[in-house]
Amino acid sequence: MCAQPVTNTKEVRWQKVLYERQPFPDNYVDRRFLEELRKNIYARKYQYWAVVFESSVVVQQLCSVCVFVVIWWYMDEGLLAPHWLFGTGLASSLIGYVLFDLIDGGEGRKKSGRTRWADLKSALVFITFTYGFSPVLKTLTESVSTDTIYAMSVFMLLGHLIFFDYGANAAIVSSTLSLNMAIFASVCLASRLPRSLHAFIMVTFAIQIFALWPMLQKKLKARTPRSYVGVTLLFAFSALGGLLSISVVGAILFALLLISISCLCPFYLIRLQLFKENIHGPWDEAEIKEDLSRFLS
Amino acid sequence: MACRGRGGPGQPPSAALSPVSPGSLSASRTSAHNICMVSDFFYPNMGGVESHIYQLSQCLIERGHKVIVVTHAYGTRKGIRYLTNGLKVYYLPLKVMYNQSTATTLFHSLPLLRYIFVRERVTIIHSHSSFSAMAHDALFHAKTMGLQTVFTDHSLFGFADVSSVLTNKLLTVSLCDTNHIICVSFTSKENTVLRAALNPEIVSVIPNAVDPTDFTPDPFRRHDSIITVIVVSRLVYRKGTDLLSGIIPELCQKYPDLHFIIGGEGPKRIILEEVRERYQLHDRVRLLGALEHKDVRNVLVQGHIFLNTSLTEAFCMAIVEAASCGLQVVSTRVGGIPEVLPESLIILCEPSVKSLCEGLEKAIFQLRSGMLPAPEDIHNIVKTFYTWRNVAERTEKVYDRVAEEAVLPMDQRLDRLISHCGPVTGYIFALLAVFNFLFLVLLRWIIPDSIIDVAVDATGPRGTWTHQHPHSEDKVEDSGKCKTR
Amino acid sequence: MVLKAFFPTCCVSADSGLLVGRWVPEQSSAVVLAVVHFPFIPVQVKELLAQVQQVSRVGVTVLGTWCHHRQEPQESLGHFLEGLGAIFSHEPWLQLCRERDSKSWTCKATRRQTPTAAGEDQVLLIFYDQRKVLLSQLHPPAALPDRQAGDATPSARGLAVVFDTVARSETLFRSDRFDEGPVRLSHWQSEGVEASILVELLTRASGPVCLLLSWLLSLLSAVGSCWSRLRRHRGEQVCFWNRLKAVDPSSSHVPPKVGTGLSGSRSERSVPQLPRRPVEKPVRHVAEELQHLLQWLMGAPAGLKMNRALDQVLGRFFLYHIHLWISYVHLTSPFIERILWHVGFSACLGLTVAMSVLSDIIALLTFHIYCFYVYGARCAVLRAGGPPGGLYCLKICGLSSLWRLFRGKKWNVLRQRVDSCSYDLDQLFIGTLLFTILVFLLPTTALYYLVFTLLRLLVVAVQGLIHLLVDVINSLPLYSLGLRLCRPYRLAGSLPRRPADPPLSFQMQPLPYSRVVRVYRLPSCGCHPQHSWGSLCRKLFSGELIYPWRQRADKQD
């Protein structure tokens with residue numbers, strides 16, 4: 001009763017159009033039903049070693065945080081003279097600065113149009129402000145309990161790791177927030193150090209390792225992947241070594257973490273790809289593939 | 001068939017007593033149903049679902065059925081209201097959670113809905129929109145109460161992300177024992193069948209409609225010295241406003257006589273404003289802001305070309321309205337759009353700036369060379385495509401079919417839930433269904449069905465509404481026009 | 001159809017005659033104003049009515065006849081009265097009759113032009129006290145503008161018409177039955193001429209008397225306050241000399257301060273005798289308390305962990321400020337006292353003036369608290385558009401914008417919303433550095449702000465209370481209240497008729513006091529509280545300044 005009897009349909013072919021009255025009932029199911037269904041058309045095939053290589057960004061960032069904490073611990077314990085750290089930091093910054101330009105032969109600098117004078121100015125601003133504020137930093141958290149400061153620093157460093165721009169295109173990524181959280185943590189930790197010079201050097205070091213070092217890393221990764229792998233390994237081992245000198249258990253845990261991130265996780269990613277069943281069809285929301293920001297910039 | 005009684009267990013006595021005019025009865029060959037439309041989206045909210053419910057209800061009333069609408073309270077609009085032809089609307093005091101959709105606990109609405117269903121002697125529950133929590137609640141309660149259920153899906157969903165996985169699961173549960181499902185396009189049908197794991201036989205395709213008398217061309221309103229492109233949509237990501245922001249500078253640089261009129265409001269308006277500022281197109285790109293439905297026609301007739309940049313669309317009413325106004329339509333080829341208009345009336349493009357620009361250039365070329373048919377001709381073609389009377393007729397067939405089906409008894413319903421919805425979800429919802437049933441038993445014990453007042457039927461040609469005002473006869477005849485509020 | 005006939009109680013015992021009054025067709029009611037006694041000449045009656053009509057613009061006509069049987073019923077009189085209907089044609093023609101025993105009344109209303117049997121209507125007789133109705137004013141006063149404009153169509157609203165009619169036909173009441181005029185009337189004046197004159201005189205006089213009384217009252221209060229000031233001063237002198245003996249001269253650096261209010265003033269005569277160290281116990285107490293408070297804040301108040309360095313700086317700053325203020329007051333106190341003494345005499349201008357002066361003096365003498373508050377909150381001078389210059393507000397503003405920077409956002413001034421923005425590395429660094437510092441310093445500043453805000457709120461509350469009191473006194477309708485107290489019937493409420501046994505009688509319901517106050521409230525000077533509680537809290541939180549009253553100029557800005 002729901003529709004007219006299906007007569008003379010042999011001649012008339014069903015069409016997937018709505019604007020014509022067709023001699024089929026409304027709930028007619030044609031052979032062509034779901035013929036446009038596709039599965040896994042956007043599924044990517046991953047290569048194991050490529051994924052391991054990509055995971056090195058995470059490893060690097062974890063190591064950065066680890067190195068920072070280790071250095072702070074040394075400073076706090078008085079095992080590391082601030083002058084020495086300052087000297088090393090300055091030297092490595094200069095080396096990094098030269099490397100930064102050497103790797104791509106000054107292309108990036110030309111593209112961004114940033115002058116050396118601007119770099120110098122930024123460096124001056126960093127140093128002046130940090131030096132000027134270091135006595136304030138020293139007394140800033142006097143009345144706040146050490147545990148509070150530690151908890152805050154841990155949260156901030158975790159936030160730094162979460163929001164860091166690892167190259168994924170997700171809404172949660174915010175490199176600004178990530179960097180700010182790292183600086184906040186470093187200021188908190190620096191205020192626990194015995195003297196204002198310590199605080200100054202600690203904050204400077206934080207800028208070097210959280211702001212400048214990732215920039216160099218990114219360039220290294222893009223230009224010379226091999227040396228990047230070497231640097232990553234070196235960095236990871238030095239972080240592990242530093243941690244080992246403080247706590248053996250911590251070092252073992254950290255090593256396990258690094259291994260699981262760089263080896264186990266890629267393995268699981270590739271294994272789980274086999275179970276992927278993604279349905280696509282004309283009902284999918286279309287993706288805008290072009291870069292539309294060019295119209296606005 | 002015609003003697004099959006009128007509707008369900010009891011007809012409102014007032015309607016039964018009232019003399020039936022033979023003329024109005026002859027219009028409906030089949031039995032009359034007592035239909036309850038349930039959705040969170042209804043007037044005063046505006047949109048496709050809202051106007052669909054309203055127009056369908058009006059045409060069903062015209063065909064002799066009793067129709068009521070149940071929605072949630074909108075601000076001060078609460079309680080019971082009557083619209084044209086005595087269409088009774090219940091605005092229930094339920095909390096709105098997000099985007100005009102009510103919060104659901106699956107149980108809290110049962111007392112109210114049961115009271116309404118009993119008091120209105122409803123036989124068929126027709127829920128609308130998968131975004132509406134209330135619609136799903138009503139389906140759930142209706143099945144508990146043993147009423148026939150119909151569901152209309154107005155939207156498309158993907159399968160890619162986590163949220164869609166969850167919503168699709170819920171839809172599976174909600175539709176697993178619904179008697180019949182209506183989709184607005186074939187693409188929408190495929191989508192719904194996949195999402196809810198349905199038998200395609202119980203899914204009908206009944207397109208939306210537009211009122212062609214509301215969208216008539218007016219060639220004198222447009223300036224032929226320039227070319228005007230009209231865009232009417234909400235300015236959100238899903239409607240492809242980002243694409244539009246790329247098209248505008250591209251084409252405006254190429255064609256100095258090209259103008260854009262953009263109607264609608266939304267969070268993406270800002271990027272259009274930025275584009276306009278950046279390329280200094282203030283005199284050529286007009287942003288009208290939010291449009292009332294009645295103003296849409298006046299905007300449409302000012303243009304030559306209608307541009308639709310949607311990224312997903314089940315059935316695009318906007319392009320039908322635009323074509324009905326005699327505009328050349330350029331649209332993205334997404335969702336059900338290719339089914340809506342014949343090739344001669346629409347230029348379909350891929351959802352990218354490049355392809356859309358090419359489509360628009362093609363339309364501009366046709367316009368300049370005079371290859372486009374006259375607006376009146378387009379209107380005359382389009383007006384035969386989609387009418388609400390046709391929609392109501394086809395929906396009525398669905399009701400007739402559903403009325404003959406048996407509602408699954410409780411044990412079978414539980415079996416079906418468990419077997420159809422997967423082990424975990426199935427058992428959870430079977431348990432919830434049992435709770436719901438117990439709750440219903442409790443409610444029936446507190447207030448038995450027999451002591452609930454029967455509502456006076458005010459709708460349609462047989463309603464008391466018309467009999468108390470005999471001079472409004474012509475109004476009833478006129479209801480076929482189904483004027484939007 | 002029921003006719004309503006309003007009949008004045010004063011005419012109950014009048015001799016037979018004609019009923020003069022007004023016919024209100026809309027209400028189908030007749031308002032009887034007076035009775036014209038026999039004998040009369042119809043032409044003269046008509047003339048009189050025409051005169052009255054001209055002056056009062058009320059359609060006063062002959063409504064019917066009044067028949068008061070003192071002796072045996074006279075058949076002839078009845079016929080005669082019926083005949084009068086032909087002379088004074090009125091539709092409908094009322095016939096009121098009162099039997100001798102004063103219990104039985106007969107009322108008839110006939111319509112001549114309707115030939116049917118329904119020509120006789122039922123009549124509902126309502127008695128009213130004419131004098132009271134004349135003098136009283138119905139509330140709500142709907143008919144008032146009509147009367148002033150002299151409009152011929154009065155407000156057609158039920159009772160208002162009755163009141164209006166009676167009030168406007170005052171000319172009718174000029175002549176009465178004791179006059180030697182051609183027409184003798186009976187109405188409220190005729191109840192007893194002497195008594196009514198007295199009553200009228202008293203009524204007329206009551207207004208000025210009320211005014212006089214209130215003036216006397218304020219004078220009395222002013223004199224009283226002056227007297228008390230003088231007395232207190234005399235006592236103080238003794239006190240002072242006693243204290244001077246007790247106080248060690250070396251403790252002269254203890255900061256003295258002028259007291260609050262009128263109590264701190266001194267007579268001209270005594271100033272030269274006094275050294276410039278007026279010691280006032282509450283004042284010294286306040287100063288000491290403030291210093292104690294600051295010292296407490298400079299420690300670890302309530303166990304809060306404050307930044308020690310900033311705490312010390314702020315504490316010292318405010319202590320120094322108190323020191324400055326005290327020395328300033330110390331220097332200027334003789335002049336201030338003299339000024340206050342003179343200003344104090346303004347109290348004889350009335351209670352409200354005195355209270356306003358008191359409020360201003362409080363504001364003047366708590367200026368240091370205000371200053372603290374402003375330092376703590378923001379700079380008042382820079383309020384109009386300039387950057388906020390106070391501690392707390394600056395801090396809140398800075399923190400909120402730095403928090404946006406922290407998240408990589410910025411405030412878009414043009415679009416009034418938060419946009420995302422990519423900052424340079426050095427901007428980020430400095431911003432975060434400042435953010436960290438401000439976050440850790442916020443509790444210290446907030447505490448100072450909180451304490452001074454509470455002090456300020458106290459002062460504001462006192463000032464606001466005084467303003468409220470002044471406002472109430474200013475806007476209280478004393479005359480109306482007095483009238484309501486002494487002559488309740490002058491202010492008739494809206495429901496003056498109370499159903500009683502037939503015949504109905506008009507009972508004046510005096511206006512309740514609350515409505516008297518509401519209706520006759522004078523327009524106040526508009527010292528409404530400026531904030532709702534929510535906005536007050538918001539302002540307090542964001543460090544904006546608060547004032548006890550609304551400033552008109554501010555509102556227009």
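Trainee: Which residue in S6(C) is the bridge partner of C:Trp93?
Mentor: In S6(C), C:Trp93 is bridged to C:Thr110. This is a predicted model: local features need pLDDT of at least 70 and side-chain atom pairs pLDDT 80 or more, while totals for chains, interfaces and linings use all residues. Residues are numbered from 1 along each chain as its sequence is written, with chains lettered from A and ligands numbered from 1 in the order written.

Trainee: What makes S5(C) and S6(C) paired strands?
Mentor: Strands pair if DSSP finds at least two bridges between them. S5(C) and S6(C), residues 105–110, are joined by six bridges and run antiparallel. Therefore they pair.

Trainee: How do you know that S4(C) pairs with S5(C)?
Mentor: Five bridges join S4(C), residues 60–68, to S5(C), and these strands run parallel. C:Cys67 stands opposite C:Cys97 there. Five bridges meet the pairing rule, so S4(C) and S5(C) pair.

Trainee: Why is S5(C) called largely enclosed?
Mentor: Five of its six residues, in the span 93–98, are buried, so the rest of the structure largely encloses S5(C).

Trainee: How many of the residues in chain A are buried?
Mentor: Buried residues make up 28% of the 297 in chain A.

Trainee: What makes up the pattern of chain A?
Mentor: Along the sequence chain A reads β-α-α-α-α-α-α-α-α-α-β. That is nine helices and two strands. Both are DSSP runs, numbered from the N terminus: helices are H or I, at least four residues, and strands are E, at least two.

Trainee: What about residues 427–451 of chain C?
Mentor: They are 100% helix and 0% strand, and the end C-alpha atoms are 35 Å apart. UniProt's unreviewed entry also includes 427–451 as a "transmembrane region".

Trainee: How do you know that chain B touches chain A?
Mentor: Contact needs C-beta atoms, placed from the backbone, within 7 Å. By that rule, 46 residues of chain B contact 26 residues of chain A. Helices H7 (186–196) and H15 (388–404) of chain B are among the elements that each supply at least two residues to that side.

Notes:
Contact = placed C-beta atoms within 7 Å. Buried ≥ 20, exposed ≤ 12 C-beta atoms within 10 Å, placed from the backbone. UniProt positions renumbered as here; feature names shortened; annotations may be inferred.
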